[in-house]
Amino acid sequence: MERDLDNANPTILSVSQLPSRTRKGAATRNGPDSKCHDIVYPQHHWPYGCSSSSDEGEDYREEPMDEQDIYDLISTISDPEHPHTLGQLSVVRLPDIHLSPSPTELSGPDSLVTVLVELTPTINHCSLATVIGLAVRCRLEQTLPPNYRVDVRMKVGSHAQDDQVNKQLGDKERVAAALENDTLQRMVDKMLETCA
């Protein structure tokens with residue numbers, strides 16, 4: 001049985017419109033292996049707090065995560081109603097991700113960091129807002145280092161019942177109970193299938 005969508009015609013951004021890290025130009029390699037170098041040794045920002053540098057052999061140094069890293073982790077979560085991601089639907093937006101303290105203020109690699117993600121549902125009475133928040137919370141808790149604390153909320157005024165949804169998402173016992181529900185767990189797992 002097919003149920004009616006809460007928002008049958010949401011605004012959808014193309015992948016090219018989504019925020020991405022601007023890659024600084026790496027030194028150009030010359031020689032026969034230069035064509036495949038970027039495929040074999042991709043130049044990117046590692047999502048788990050490490051950055052690759054290629055002096056001699058492989059040398060890894062700690063680099064704090066920033067808002068773009070968090071966005072990259074959660075923007076690819078699929079929407080439970082639409083065949084699009086939360087980033088494409090602007091449910092997850094880069095300006096609504098906040099780190100405290102900021103990456104430049106961290107005193108060390110094990111410093112406690114709070115990640116606040118404010119979600120904006122496609123409509124203010126979205127019946128799946130809690131499920132979307134649950135999926136974002138699960139994704140971050142599964143992928144971030146243990147010194148990161150996650151706080152997922154509806155952006156103020158973006159949902160008719162944002163206080164109730166925020167209370168549910170902020171209560172660890174309610175979140176744990178929700179994930180014990182097989183139907184909800186399957187829905188969250190399905191939403192996370194599109195994450196890289």
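**View 1. The packing of H3 against H6.** In this predicted model, helix H3, which spans residues 129-143, packs against helix H6, spanning residues 182-192, at an angle of about 65°, and their axes lie 10 Å apart. Because angles of 65 to 115 degrees count as roughly perpendicular, H3 is described as roughly perpendicular to H6. The crossing of these two helices, H3 and H6, is right-handed.

**View 2. The residues where H3 and H6 meet.** From H3, the residues Val 131, Ile 132, Leu 134, Ala 135, Cys 138, Arg 139 and Gln 142 take part, and they meet Leu 184, Met 187, Val 188, Met 191 and Leu 192 of H6.

View 3. The buried residues are Gln 68, Asp 69, Ile 70, Tyr 71, Leu 73 and Ile 74, and what covers them includes strand S3 (97-100), strand S4 (113-119) and H3.

**View 4. Gln 68 in H2.** Gln 68 belongs to helix H2, which covers residues 67-74, and Gln 68 is buried, with a relative accessible area of 8%. Leaving aside its neighbours within four places in sequence, Gln 68 is in contact with Pro 19, Ser 20, Arg 21 and Leu 94. Ile 97 is 29 residues away from Gln 68 along the chain, and the C-alpha atoms of these two residues are separated by 8.5 Å.

Key: Residues are numbered from 1 along each chain as its sequence is written. This is a predicted model: local features need pLDDT of at least 70, side-chain atom pairs count only at pLDDT 80 or more; totals for chains, interfaces and linings use all residues. Side-chain values use heavy atoms; hydrogens and water are left out. Axes are lines fitted to C-alpha atoms, for helices over the stretch in contact, and angles run from 0 to 180 degrees between N-to-C directions. Helices (H or I, at least four residues) and strands (E, at least two) are DSSP runs, numbered from the N terminus. Angles under 35 degrees count as roughly parallel, over 145 as roughly antiparallel, 65 to 115 as roughly perpendicular and the rest as oblique. A crossing is left-handed if the near helix is turned anticlockwise from the far one by less than a right angle, and right-handed if clockwise. Contact means heavy atoms within 4.5 Å. Buried means under 20% relative accessible area, exposed over 50%, partly exposed in between (1.4 Å probe, protein chains only).
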